[in-house]
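I open this entry to record what I looked up in the structure.

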Amino acid sequence: WIDVRRNARLLADALLRRGFMVRSGEVHDAPTFIRVTFGRPDENAGFIGAFDDALLEVPEAADVVLT
């Protein structure tokens with residue numbers, strides 16, 4: 001459970017385009033959180049790289065508006 005301080009649905013979409021599926025917290029009324037399940041070390045390393053790239057793609061926002 002990670003507070004990404006940005007629209008979690010948009011970040012989840014950006015991660016999915018990079019081959020990693022995470023869950024947005026919006027169903028739990030937590031629109032800036034994602035749920036990540038870790039895997040093997042090589043998968044985790046790949047996720048961290050994709051996560052860094054996705055964070056750059058989706059800007060941080062003070063007020064998250066879900067559309």
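**Sheet.** I looked up the strands and found three in an open sheet, ordered E1-E3-E2, with antiparallel pairing. The edge strands are E1 (2–3) and E2, each of which pairs on one side only. I took helices (H or I, at least four residues) and strands (E, at least two) as DSSP runs, numbered from the N terminus. Two strands pair if DSSP finds at least two bridges between them. E1 and E3 pair in the antiparallel sense over two bridges, and aspartate 3 has phenylalanine 33 in E3 as its bridge partner.

**Basis of the entries.** The model is predicted: local features need pLDDT of at least 70, side-chain atom pairs count only at pLDDT 80 or more, and totals for chains, interfaces and linings use all residues. Residues are numbered from 1 along each chain as its sequence is written, and side-chain values use heavy atoms, with hydrogens and water left out.

**Threonine 32.** I located threonine 32 in the loop between strand E2 (23–24) and strand E3 (33–35). Is threonine 32 buried or exposed? Threonine 32 counts as buried because its relative accessibility is 17%; buried means under 20% relative accessible area, exposed over 50%, and partly exposed in between (1.4 Å probe, protein chains only). Its side chain makes a polar contact with the side chain of aspartate 3 at 2.8 Å. A polar contact is a pair of N or O atoms within 3.5 Å; within protein, one must be able to donate a hydrogen and the other to accept it, and residues adjacent in sequence count only if both atoms are side-chain atoms.

**Serine 24.** I found serine 24 in strand E2, buried with a relative accessible area of 16%. The side chain of serine 24 reaches the backbone nitrogen of glutamate 26 at 3.2 Å. Leaving out residues up to four places away in sequence, serine 24 touches Ala8, Arg9 and Phe33, where contact means heavy atoms within 4.5 Å.

**Helix H1.** I noted that H1 (residues 8–17) lies across E2 and E3 and runs at about 40° to E3. For that angle, axes are lines fitted to C-alpha atoms, for helices over the stretch in contact, and angles run from 0 to 180 degrees between N-to-C directions. Which residues of H1 are buried? They are Ala8, Leu11, Ala12, Ala14 and Leu15. These residues lie on the same side of H1 because they cover an arc of only 160° around the axis, taken from the directions from the helix axis to the C-beta atoms. Their cover includes E2, E3 and H2. At the start of H1, a side-chain oxygen of asparagine 7 comes to within 3.0 Å of the backbone nitrogen of arginine 9.

**Aromatic pairs.** I recorded four aromatic pairs. Rings of Phe, Tyr and Trp (its six-membered ring) pair if their centres lie within 6.5 Å; planes under 30 degrees apart count as stacked, over 60 as edge-to-face and the rest as tilted. One of the pairs, tryptophan 1 with phenylalanine 33, is stacked, at 5.3 Å centre to centre and 20° between the planes. Tryptophan 1 lies in the segment before E1 and phenylalanine 33 in strand E3, so this pair ties together parts 32 residues apart in sequence. Tryptophan 1 counts as exposed at 52% relative accessibility, whereas phenylalanine 33 is partly exposed at 23%.
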